[in-house]
Amino acid sequence: SEDLTKDNRRLFMAKVATGDWDAVIMTRGAFHSVPVSAETEQAYLQREQATLRASLTRMSDDPTSAALVKRIERQLVQNEESTRRKLDQRRDEGLTFEQLGIDYLMVDELHDYKNLRIVSSIRDAAHEGSKRATDLDMRLDYLRRTHGDRVFTGATATPIANSIAEAYVMQRYLRPDLLEAAGISDFDSWAATFGESTTELEMAPEGGGFRPKT
């Protein structure tokens, strides 16, 4: 643990980069403290933007998705502004994730990364996503483009904690190549392929009756 304190972390990462290791074990904080390069981040964000635009095009034809379309349009603008800010900011002078020589990741407690951004026309399925989950997805994206499909093992006792959408997130982390081969590029196409929407009555949280829930 002493190697991963703030003062010693850069030396630890230098050892990771220069040694011939079979495996390196580090804390989550240390892992996320090493930035990816500006080029990797830009490529990932551009691909995410392309996915958002494709979702926007698909949903524009659905009159029931008007509110979601407006939200995605706002996301596109915000993401483009965020991309410019990130690429303009000064980078750390230390090593980047790419320079560490890591070619495979094993992540414990993978359920802590379940909140990856999901764009969906299904009510309550869409959410913005967390910085932690986006960061992991970006690193896995880099590893797959560099080393091929087999770059990741995730461990968790609760792959689905709150929503069936988390099953899609786990599949995206573990085998995006299979999703792509099945023609599944977003959550809605995944849900249409493997799921079925049903509407039932549930007790309203504020009490006083029931309400339909899909």
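1. Of the 214 residues in the protein, 35% are buried, where buried means under 20% relative accessible area, exposed over 50% and partly exposed in between (1.4 Å probe, protein chains only). The accessible surface amounts to about 13,600 Å², and carbon and sulfur atoms account for 50% of that; areas come from the Shrake-Rupley method with a 1.4 Å probe, and for residues only the protein chains shown count as cover.

2. The model is predicted: local features need pLDDT of at least 70, side-chain atom pairs count only at pLDDT 80 or more, and totals for chains, interfaces and linings use all residues. Residues are numbered from 1 along each chain as its sequence is written, and side-chain values use heavy atoms, with hydrogens and water left out.

3. Confidence is given as pLDDT, the predictor's confidence in each residue, from 0 to 100. The protein has a mean pLDDT of 85, with 90% of its residues at 70 or more. Helix 4 (residues 66-88) has the lowest confidence, a mean of 67, and strand 1 (residues 105-107) the highest, 98.

4. There are eight helices and four strands in the protein, taken as DSSP runs (helices: H or I, at least four residues; strands: E, at least two) and numbered from the N terminus. Their order along the sequence is α-α-α-α-β-α-β-α-α-α-β-β. Of the contacts between residues at least 6 apart in sequence, 64% join residues at least 24 apart; contact means heavy atoms within 4.5 Å.

5. The largest nonpolar core holds 39 residues, and Phe97, Leu136 and Tyr173 have the most contacts inside it. Two or more residues each come from helix 1, helix 2, helix 3, strand 1, helix 5, helix 6 and helix 8. A second, separate core has seven residues, including Met59, Val69, Ile72 and Leu76. A nonpolar core here is a set of buried Ala, Val, Leu, Ile, Met, Phe, Trp, Tyr and Cys residues joined through side-chain atoms within 4.5 Å. In soluble globular proteins, nonpolar side chains tend to be buried together.

6. Which residues does Leu136 touch, not counting those up to four places away in sequence? They are Phe31, His32, Leu105, Val107, Leu110, Tyr113 and Tyr173.

7. Helix 6 (residues 165-174) is mostly covered, with eight of its ten residues buried. These are Ala165, Glu166, Ala167, Tyr168, Val169, Met170, Arg172 and Tyr173, so the list takes in Glu166 and Arg172. The buried residues pack against helix 3 (38-59), helix 5 (131-147), strand 2 (152-154), helix 7 (176-181) and helix 8 (187-194).

8. His111 sits in the loop between strand 1 and helix 5 and is buried, at 17% relative accessible area. Apart from neighbours within four places in sequence, His111 contacts Thr156, Thr158 and Met170. The side chains of His111 and Thr158 are joined by a polar contact of 3.4 Å. A polar contact is a pair of N or O atoms within 3.5 Å; within protein, one must be able to donate a hydrogen and the other to accept it, and residues adjacent in sequence count only if both atoms are side-chain atoms.

9. Thr158 belongs to the loop between strand 2 and helix 6 and is partly exposed, with a relative accessible area of 36%. The C-alpha atoms of Thr158 and Leu110 are 8.5 Å apart in space, although the residues are 48 apart in sequence.

10. Glu109 lies in the loop between strand 1 and helix 5 and is partly exposed, at 36% relative accessibility. Glu109 is not a glycine, yet has a positive phi of about 55 degrees. Most residues other than glycine have a negative phi.

11. Trp21 is in the loop between helix 1 (9-18) and helix 2 (28-33). Beyond residues up to four places away in sequence, Trp21 touches Lys15 and Val16. A polar atom of the Trp21 side chain lies 2.8 Å from the backbone oxygen of Lys15. Gly101 is 80 residues from Trp21 along the chain, with a C-alpha separation of 9.6 Å.

12. Strand 3 (residues 200-203) and strand 4 (residues 210-213) run antiparallel and are joined by four bridges; two strands pair if DSSP finds at least two bridges between them. Met203 stands opposite Phe210, and Leu201 opposite Pro212. The two strands form a hairpin with six residues between them, and Gly207 in the turn has a positive phi of about 85 degrees.
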